[in-house]
Amino acid sequence: MVDRVAAVVGDSIILLTQIEEQIFRLQASGVTIPEEPSALVRLRRELVETLVNQQLVLQAALRDTTISVPEDRVEQVLEQTLAQQLESFGSEEALQRALTLQGQTNSQYRASLADEIRRELLQERYLETQRRQARVIPVEESEMRAFYESQRTQLQERPATLTFRQILLSPSPSDSARAVARQEAERILGLLAEGQEFEALASRLSQDPGSRQEGGDLGWFRRGVMVPEFEDTAFNLREQEVSGVVETDFGAHIIRVDRIRGGERRARHILIAAEVSPTDVAAVESLAADLAQRARGGESFRALVEEYHNDASPDSLAIRADRLSELPPGYAASLEGAEPGAVVGPIQFGSGPATTVAVIQVLEVRDEGEFTFEDLQEQIRQQIREQKFQERVIEGLRERSFVEVRI
């Protein structure tokens with residue numbers, strides 16, 4: 001193929017070979033590519049518009065210095081994508097033949113695919129930053145119903161489902177255990193004051209398994225990621241400043257902010273967890289049994305959820321009946337055959353500090369059948385809202401950029 005410029009976007013170009021690569025990847029993912037010439041022309045025009053929009057978002061992402069993509073994430077997505085494509089082609093030989101027809105080697109294709117994934121991840125992160133700043137876009141019910149009707153014939157049959165509300169309880173350390181954790185954190189603060197290295201103390205003493213091996217490094221984060229007590233301290237520290245003892249549900253923390261970049265912080269911490277005793281576990285088991293009895297006696301389950309449920313987990317769930325076994329141990333056996341309104345439990349899973357006890361109320365049991373508008377209303381609302389959001393972002397970027405399509 002003689003290559004040529006298919007579009008110009010700002011100071012970048014999109015080549016005809018890039019469009020052909022997109023067609024190849026669609027084919028690799030299982031999409032049937034039309035053979036009729038006019039249909040193929042339409043597909044190429046759709047793809048060039050998609051590439052133009054992606055390039056606009058990519059250029060905006062590259063201008064935003066707060067946005068970056070870790071290479072290990074690129075590698076993870078790359079391996080997943082290659083595995084899916086290999087499955088689609090059926091064998092390595094078939095994939096290799098297709099690459100040969102495209103004039104690419106395995107290493108060239110892998111590098112090209114990695115570049116595309118890196119660009120896609122940058123675009124996703126840019127859109128996420130814009131999404132957090134955007135106002136909620138209204139969606140009319142008439143729009144949702146029109147979308148539902150347009151897709152209705154393509155919908156699969158709704159599987160049998162069970163919907164329930166739950167109270168999840170976990171043991172909390174006692175005040176004395178929290179005091180012991182704080183005392184140990186105060187001791188470590190003393191070691192830091194004597195000049196010992198933060199990273200070395202974190203590697204040796206921190207009880208956070210996710211960051212301990214990295215010297216307590218938590219990486220970059222914005223507000224809304226950490227628990228409030230941790231965030232309030234981290235976002236009020238200067239670079240290289242070390243906090244006092246900060247107490248959260250996880251235990252006692254010592255925080256050091258390493259770098260500040262706009263609305264982001266890169267920090268390390270040392271965590272001393274407050275220990276959960278067998279007495280704390282027994283208290284949760286007793287409370288769960290009491291709540292189940294109160295619910296069966298007629299108390300409002302919703303009110304009990306609002307008062308006692310662990311906010312870190314969803315308080316209601318709709319799940320396919322054939323996937324009950326994917327829930328924590330004990331759920332499937334307890335929910336099998338349960339009628340709407342039934343109170344189930346307590347169900348206990350995990351052990352020691354990781355113990356969780358659940359009390360459940362069955363809300364609805366539905367047989368399989370056609371999806372109704374009401375079933376999909378919120379999903380449709382979010383889909384239309386996301387589509388409108390992306391259209392607004394692209395429209396704004398196009399207004400500020402030079403775009404010329406040449407095919």
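Author: Happy to! Two strands pair if DSSP finds at least two bridges between them; strands (E, at least two residues) and helices (H or I, at least four) are DSSP runs, numbered from the N terminus. This is a predicted model, in which local features need pLDDT of at least 70, side-chain atom pairs count only at pLDDT 80 or more, and totals for chains, interfaces and linings use all residues. Residues are numbered from 1 along each chain as its sequence is written, and side-chain values use heavy atoms, with hydrogens and water left out.

Let's start with the pair β1 and β2. Strand β1, residues 5-9, pairs with β2 in the antiparallel sense over four bridges.

Now for the whole sheet. It is open and has three strands in the order β2-β1-β11, with antiparallel pairing. The edges are held by β2 (12-15) and β11 (403-405), each with a single partner strand, so one side of each has no neighbour in the sheet. On average, neighbouring strands are turned by 20° against each other, direction ignored.

Next come the helices. Helix α1, residues 16-28, lies across β1 and β2 and runs at about 55° to β2. Here axes are lines fitted to C-alpha atoms, for helices over the stretch in contact, and angles run from 0 to 180 degrees between N-to-C directions. Contact means heavy atoms within 4.5 Å. Helix α2, residues 37-63, also packs on the sheet: α2 touches β1, β2 and β11, and its direction makes about 30° with that of β1.
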